[in-house]
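Please look over the two-chain model below before reading on. The notes after it go topic by topic.

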Amino acid sequence: MMTSDSILLSLLIWLPIAGGALVVLAGGSNAGRARWLALIVSIVIFAVSIPLLTGYDAAAGTMQFQEHHVWIAAINANYHLGADGISIALIVLTTFVTPLVVLGAWDAVHERVGQYMAAFLVLEGLMIGVFAAMDALLFYVFFEGMLIPMFIIIGIWGGPRRVYATLKFFLYTFFGSIFMLIGLIYLYLHAHTWDLAQLAAFHLSAMEQAWLFFAFLLGFAIKVPMWPVHTWLPDAHVEAPTGGSVILAAIMLKIGGYGFIRFSLPIVPDASQEFAWLIIALSIIAIIYVGYVALVQEDMKKLIAYSSVAHMGFVTLGLFIAFALMRVTGNTQAAYLGVQGSMVQMISHGFVSGAMFTCVGVLYERMHTRMIGDYGGVVNTMPWFAAFWVLFSMANCGLPGTSGFVGEFMVILASFAMNPWVAAGAAFTLIIGAAYTLYLVKRIIWGDVTNDHVAKLKDINPREALVLGLFAAGVLVLGIWPEPLTHLMDASVKHIVDQLLIVKT
Amino acid sequence: MNFNLHDLALLAPEDFLLGAACAILFIDLFLKQTQRAVTHWLAIAALLGTLAIVLCAPGQVQTAFNGAYIHDTVATVLKTFILGLVAVVFVFSRRYLDERKLFIGEFYTLMLFSTLGMLLLVSAGNLVMVYLGLELFALSSYALVAIHRDSGVASEAAMKYFVLGALASGLLLYGLSMIYGATGTLDLAQIRAVGGVGVNGLAQHPTLFAFGLVFVVVGIAFKFGAAPFHMWLPDVYEGSPTAVTTFIATAPKLAAFGMAYRLLESGLGTLAPHWSQMLAALAALSLVIGNLVAIAQTNIKRMLAYSTISHMGFLLLGLLNATPAGYAAAMFYAICYAIMTAAAFGVILLLARAGFEAEMIDDFKGLNQRNPWYAFIMLLAMFSLAGVPPLFGFFAKLLVLKSAIDAGFLWLAIIAIVMAIVGCFYYLRVVKVMYFDKPADTSALELPRDLPLRWVLSINGLALLVLGVLWGPLIGWCYRAFGLPG
């Protein structure tokens, strides 16, 4: 079968990769040219991704923009791309964040600028591939391929302990996903297909499902990352350059959540239901315990990294609470709310964490330290910056009116329908999240100027204002008017929720 | 038995290569050292000519000399890559040899005869032909390892290689004689036919037959360099001139696969349940020993030697399935392994200068700053060896893992992936040294103006990326070679 409705998704995957090659070839020796080329390429890619939003029939909620070509006939693997509302939301988030990363690194990166920009563009293409792949093998190739540019990014442009951090990042995530590969091979040997839709329809015994569930869990839980396999994240975040942290937090972590939606939920629904308690428990631990851990951090980046783990706990909670709801209480509406809430939380966290890491980058460029203790009273010297920081902090606490509120509120509502105690645990994050975020704001932004270095700080320049302004726009629009986003994903989420009901054993 | 010219026609590639090798041996006598390039280009032309003959041969299965020589697609695929890779090795090694006063005719003629042995080996249809091909290959390569006469390490490596190689040949020959004794025939197809009848599916002398199998498996394991028969490999890799190492590390692995396939499947296919267990044990040991010991290496040639041992473990995962899909996976793995290893050694050869071997991992420090392009090629080779998609090496691993799981060896697949993670560590260390460390000398690297080497190496490196995306035709060819729809 050789069909393609459009070549939009292929363009979105291969344009960044070709653009990356162009940047490194044409701008390898000329930093200025590399920056401009990368910016132009990334903006063009964002423009190319707009038709996904406008051309998608959200009411149907099906996989659209499909492309289907035979890839490897011998093992029945296909180059099969497609996107539903969920994929499109994440793809557009990716194309939106990448130009901001390019702009953010404008003055911050001086060494091997061409390679830096190229690595991010290639990474963008691979991440879009993950969100667009409808063939398990193709998904896996993109999923693992992402590690290579990220490994290089952290390793070359990272902080003092970058080698340790990047090896830990690579080996940790490689470890998880290779077990997933064994699971996929097992599935292929029985179902003789890599197609995700056909795998979802394939019958599996309870035992098989349980093993596959844990194989997938290992792969995706490390990516999310869930407690207790989150330890690579603080290291990677702390050592990564600003752009690396932004992409890691804003998009790469989402791939773990996305994997649960595409693999665990539809392919092994019975096992997912059976072990939903486990995921829910781990998520609650992530939300509460990691929240406390965040409270005591001395390093800004580490604090935000832990806050990411806590926020991603909401995503896994929302996804798996749906099972408990569907199977036990039959409350479709609440289950739907849980999955929808997870998705909104993912997009929102993409903006908020990306913005927070960009803010840290802005400070780091001026002071060359990430230690909270070295700052204090920044508002006096950088009022505009302080305004942005406070806005993003509010979003990080989940204040109504910002994007952070919408997803968390939906997930808490859904958990309430299942068990008020789970809801109470989840809602606890509103307190602890506010505590560590506001405490961070207090120590860095408010108060009197603590030292000479802070006194000499210059406020953000127009380029930085543009980057932060665009992030802020995303945070506010989603917070005040989330309807376009929820409408985009509405029918697709319903499809996912309907699939949860299928008993496969 | 009667002589038939048709038989010789079927052997056209071997005939041509033999003639060319003899001619080059003769022509080289009359060349001055300054004209040695003539030998170089003639040797490459001989290989490419043979390759053309191989590719033009008709597709159907044919035999010659009463079944002693088999022409089939398996042989065609293996010969194509053996010839191609040896030609690549010639291109890679010329300057290296020249700088070490090793640019001599013997290198070329020995390589060509060795290649001829490999061609016969992968086409062997009876036990004598297997042994003949193997010895022609092995004797030439012992001499090649020792070609640097003044080097103590090289002599030691050659001695070790020769003694252990002779031992392995002896074991193999002993096994072959037992099989002959048990079945009364040297012909592989007949051995298979006879082996299928009798008690428990064995021949009249099941014990003798089974003992023969054990010795044959040992001989094969030695040629692959699978643990615990790997002892020669690190020393030979480290001690040989890098040009010879590149040769030993690439094409012979394809020939070893051909030998294993002919002996185990064509001849002893009825014993598959037995030998697949033996191969499983060899695979597990190779994976563990190869990967764990590689971590401790500081010499990149030695590291790649242990990496080879682990890769042979992966290759055996495909072979032990004993189905056409398993053989196709193993053959694909052998091809893939040879191509990526050629790229890695190509970079070492490129960086080596007179008096500088570039064989320590630290010699690659900061290569990205000094020459980003060849650092990138090495990066591709390392990630491919580590088995990270979208590079070629991943798909080879995928297929052998699939065939191991298919054969019911899930435990072995788990060992393999755990060891793949361990393997990642030492491949990544090379990337780390090239990309993350600061070079001692930050000036741009002076690379020799050896354009054939640079071009072929670049193509070889990029092939790892291109074949990683478009590996369909190659795996299709491998599948069709074993009669599967591809």
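This briefing covers helix packing, the chain contact, a hairpin and some backbone details.

This is a predicted model: local features need pLDDT of at least 70, side-chain atom pairs count only at pLDDT 80 or more, and totals for chains, interfaces and linings use all residues. Residues are numbered from 1 along each chain as its sequence is written, and chains are lettered from A and ligands numbered from 1 in the order in which they are written. Helices (H or I, at least four residues) and strands (E, at least two) are DSSP runs, numbered from the N terminus.

**Helix packing in chain A**

- Helix α13(A) (residues 276-295) and helix α14(A) (residues 300-329) cross at roughly 160°, and their axes come within 8 Å. Axes are lines fitted to C-alpha atoms, for helices over the stretch in contact, and angles run from 0 to 180 degrees between N-to-C directions.
- That angle makes α13(A) roughly antiparallel to α14(A). Angles under 35 degrees count as roughly parallel, over 145 as roughly antiparallel, 65 to 115 as roughly perpendicular and the rest as oblique.
- The crossing of α13(A) and α14(A) is left-handed, meaning that the near helix is turned anticlockwise from the far one by less than a right angle.
- The contact of α13(A) with α14(A) has 19 nonpolar, five polar and no charged residues. Ala, Val, Leu, Ile, Met, Phe, Trp, Tyr, Cys and Pro count as nonpolar, Asp, Glu, Lys and Arg as charged, and the others, Gly among them, as polar.
- Helix α3(A) (residues 85-104) packs against helix α15(A) (residues 332-367) at about 5°, with axes 10 Å apart. The two are therefore roughly parallel.
- In α3(A), the contact residues include Ala89(A) and Leu93(A); in α15(A), they include Gly350(A) and Gly354(A). Two residues are in contact if their C-beta atoms, placed from the backbone, lie within 7 Å.
- By class, the contact of α3(A) with α15(A) has six nonpolar, five polar and no charged residues.

**Helices in chain B**

- Helix α15(B) (residues 324-351) packs against helix α20(B) (residues 451-469) at about 145°, with axes 9 Å apart. Their crossing is left-handed.
- Among the residues that make this contact are Ala343(B) and Gly346(B) of α15(B), and Asn460(B) and Gly461(B) of α20(B).
- The contact of α15(B) with α20(B) divides into ten nonpolar, three polar and no charged residues.
- Gly225(B), with a positive phi near 85°, follows α9(B).

**Where the chains meet**

- The contact takes 28 residues from chain A and 25 residues from chain B.
- On the side of chain B that touches chain A, α17, α18, α19 and α21 each supply at least two residues. α19(B) gives the most, with nine residues.
- That side of chain B has 19 nonpolar, three polar and three charged residues.

**Hairpin and backbone details in chain A**

- Strands β2(A) (residues 64-72) and β3(A) (residues 77-83) run antiparallel, joined by six bridges. Two strands pair if DSSP finds at least two bridges between them.
- The hairpin has four residues between its strands, and Asn76(A) in the turn has a positive phi of about 60°. His69(A) stands opposite Tyr79(A).
- Most residues other than glycine have a negative phi, and most peptide bonds are trans.
- Phe65(A), in strand β2(A), has a positive phi near 55°.
- The peptide bond from Val224(A) to Pro225(A) is cis, with omega near -15°. The bond from Trp227(A) to Pro228(A) is cis, with omega near 5°.
- Pro225(A) lies in the loop between α9(A) and α10(A), and Pro228(A) is found in the loop between α9(A) and α10(A).
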